[in-house]
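Please study the sequence and the model shown below before reading on.

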Amino acid sequence: KHSLTYPSTTLDLISTHPSTMRTVALVLALIAGATAFTPARQSAWVSTRAAPARGMVSMMAKKSVADLSPAELKGKKVLVRCDLNVPLDGKTITDDTRIRASVPTLKYLLDAGAKVAACSHLGRPKDGPEDKFSLAPCAERMSEYIGSEVKLAGDCIGDETKAMIDAMDEGQLVILENTRFYKEEEKNEAGFVEKLAAPFDLFVNDAFGTAHRAHASTEGVTKFLSPSVSGFLLAKELEFLDGAISDGEKPLAAIVGGSKVSSKITVLEALIKKCDKVVIGGGMVFTFLAARGMATGSSLVEEDFIETAKAAEKLAKDNNCELILPSDIVIADKFAADANTKVVKADAIPDGWMGLDNGPEATKEIVEALKSCKTVVWNGPMGVFEFEAFAAGTFDVAKCLAEITSTGTCTIIGGGDSVAAVEKAGLADKMSHISTGGGASLELLEGKVLPGVAALDEA
């Protein structure tokens, strides 16, 4: 059995001292967000940061579930947009991180006596309901964490679903079936939105991973349900990701990895403008090396983005940002786990060989650069860490971040493959914050408005 424990006096504290709601909310998210979400250390800005500038889409400007007292929630029918899009092997959940991350908000609502229905998408159904994309395994696993039966509604809209919601007891949770069984969900179609919202009194968005999408269950329902507020997980994501870039403690560094410049250039440019140091890793390194006129062998190079890489280097110089590229590279004669490998200087990659990881000298230089930083955001691995021969660059950076977190640096793993990397390295619980968002993390780091956040009530 899985179980999570919560402070028994939380609701009493909140109802007695309303002014402590937001503080307790963040504490709840940090304590009860399950092991993968409990930070080892966090910098002072998380608790002392000033109010953001007007217009910023920040949690400080949006109403949170913590702003609703238990008295306001008791007996209310609450629709909660969670991110239960977990990886499955058949019907077996292979990683329940997102389910665990949803528990604090759901538990808070249930303990307050609300009647709660969680909705989510799972996978990419192509044409209506598909059994392999059913949320049934999520309902079963959620039951173990909540400590009581969590029923699965056979649909997310319709008379039967409404009857099931109307018949719920206070403190009961159900999960609605996959919202993407309807194409209208992603189209944010008004008629579908109205049906989805119909049984409920208010809305809580706790799905950071889809907050960058204006879908029916993330943005549309806010037009029909009031109040519409954030959950603890969404609040925490915004506090860390928005907070780190907006007013994180300096020096501020970003590590940007991944295979292609084309997919990261907008976030890279945004980070160069705001950071003291930016480390470039992964396949995108070789487009930058090509832009410097170096031979790259058969490494991944986006010829159409060489000028973009040159412009990024100039942007870094103009903004007094130290742009760090690897000085040596682990190269291979083929893209395979059993490839022949060797380490060469970054300017000495021979024909027929491809770079697949940072070399040991590059890693030492990166570690040295990060040691003096007070805030570090990491998005994207340093190499092909899925293959053991090319994992050292990524795992050594993860070890460095774990070490500097223990001495007070705020470290934020900004979604995607970098999350998988720190989990594979067994260091996820050593970081200040592990983001549950992929695209949402990138868009927030870019400074974009997230529709799922913008639609929520102002604080």
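**A covered helix and its surroundings**

Helix 17, residues 439-446, is mostly covered, with 7 of its 8 residues buried. Here, buried means under 20% relative accessible area, exposed means over 50%, and partly exposed lies in between (1.4 Å probe, protein chains only). Helices (H or I, at least four residues) and strands (E, at least two) are DSSP runs, numbered from the N terminus. The model is predicted, and local features need pLDDT of at least 70, side-chain atom pairs count only at pLDDT 80 or more, and totals for chains, interfaces and linings use all residues. Residues are numbered from 1 along each chain as its sequence is written, and side-chain values use heavy atoms, with hydrogens and water left out.

The buried residues of helix 17 are Ala440, Ser441, Leu442, Glu443, Leu444, Leu445 and Glu446. They pack against helix 10 (232-247), helix 11 (261-274) and strand 15 (375-379), where a contact means heavy atoms within 4.5 Å. Just after helix 17, Gly447 takes a positive phi of about 90°.

Two strands pair if DSSP finds at least two bridges between them. Strands of a sheet pair through backbone hydrogen bonds, either parallel or antiparallel. Within this sheet, strand 9 (residues 252-256) runs parallel to strand 10 (residues 277-280), and 4 bridges join the two. Ala253 stands opposite Lys277 in strand 10.

Asp206 lies in the loop between strand 7 (202-205) and strand 8 (228-230). The side chain of Asp206 does make a polar contact of 2.9 Å with that of Thr105. A polar contact is a pair of N or O atoms within 3.5 Å; within protein, one must be able to donate a hydrogen and the other to accept it, and residues adjacent in sequence count only if both atoms are side-chain atoms.

Finally, the chain as a whole has 18 helices and 17 strands. Of its 459 residues, 58% count as buried.
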